[in-house]
Amino acid sequence: MTREEHWITNYKEVVDFVKKNKRIPSRHRIEDHRLLNWLKYNRKRIAAGTLSPSRLQLFNELTELMHQYHHVNQYT
């Protein structure tokens, strides 16, 4: 699996998670940590300016989706 394929796979997992659970991955749930770490890593790459434009566009779409559920109780 190439890095691009791996990135897309993780991206799709996060999108599916948000749509299915109607919440963003929580730091309070161990089962969410892998997805949360992927999100944090990509945010760091955006801040450093090292995320490719195509990935940046997809990540921004994901951010908009997550924003819908930002204030949903993460403990439920």
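**Exercise 1. Which residues do ring pairs link into a cluster in this predicted model?**

Start with the membership: W7, Y11, W38 and F59 are joined into a cluster by ring pairs. Next, count the pairs: the structure has three aromatic pairs. Take W7 and W38, whose ring centres lie 5.2 Å apart with 50 degrees between the planes. Stacked pairs need planes under 30 degrees apart and edge-to-face pairs over 60, so this pair counts as tilted. W7 belongs to helix 1 (residues 3–21) and W38 to helix 2 (residues 33–48), so the pair bridges distant parts of the chain, 31 residues apart.

Now move on to W38 and F59, another tilted pair, at 6.1 Å centre to centre and 50 degrees between the planes.

**Exercise 2. Are W7 and W38 buried or exposed?**

Look at each tryptophan in turn: W7 is buried, and W38 is too. Then check the other pair: W38 and F59 are both buried.

**Exercise 3. Why is helix 1 described as oblique to helix 2?**

Begin with the axes, which come within 10 Å and cross at roughly 120 degrees. That angle makes helix 1 oblique to helix 2, because 65 to 115 degrees would count as roughly perpendicular and over 145 as roughly antiparallel. For handedness, the crossing is left-handed.

Finally, list who meets whom: W7, N10, Y11, E13, V14 and F17 of helix 1 touch R34, L35, W38, L39 and N42 of helix 2. Sorted by type, the residues of this contact comprise seven nonpolar, two polar and two charged.

Definitions and conventions:
Residues numbered from 1 in each chain as written. Predicted model: local features only at pLDDT ≥ 70, side-chain atom pairs only at ≥ 80, totals over all residues. Heavy atoms only, no water. Phe/Tyr/Trp six-rings, centres within 6.5 Å; stacked < 30°, edge-to-face > 60°. Helix = DSSP H or I, 4+ residues; strand = E, 2+ residues; numbered from the N terminus. Buried < 20%, exposed > 50% of the residue type's maximum accessible area, 1.4 Å probe, protein only. Axes fitted to C-alpha atoms, helices over the stretch in contact; angles between N-to-C directions. Parallel < 35°, antiparallel > 145°, perpendicular 65-115°, else oblique. Left-handed = near helix turned anticlockwise from the far one by under 90°. Contact = heavy atoms within 4.5 Å. Nonpolar A, V, L, I, M, F, W, Y, C, P; charged D, E, K, R; others polar.
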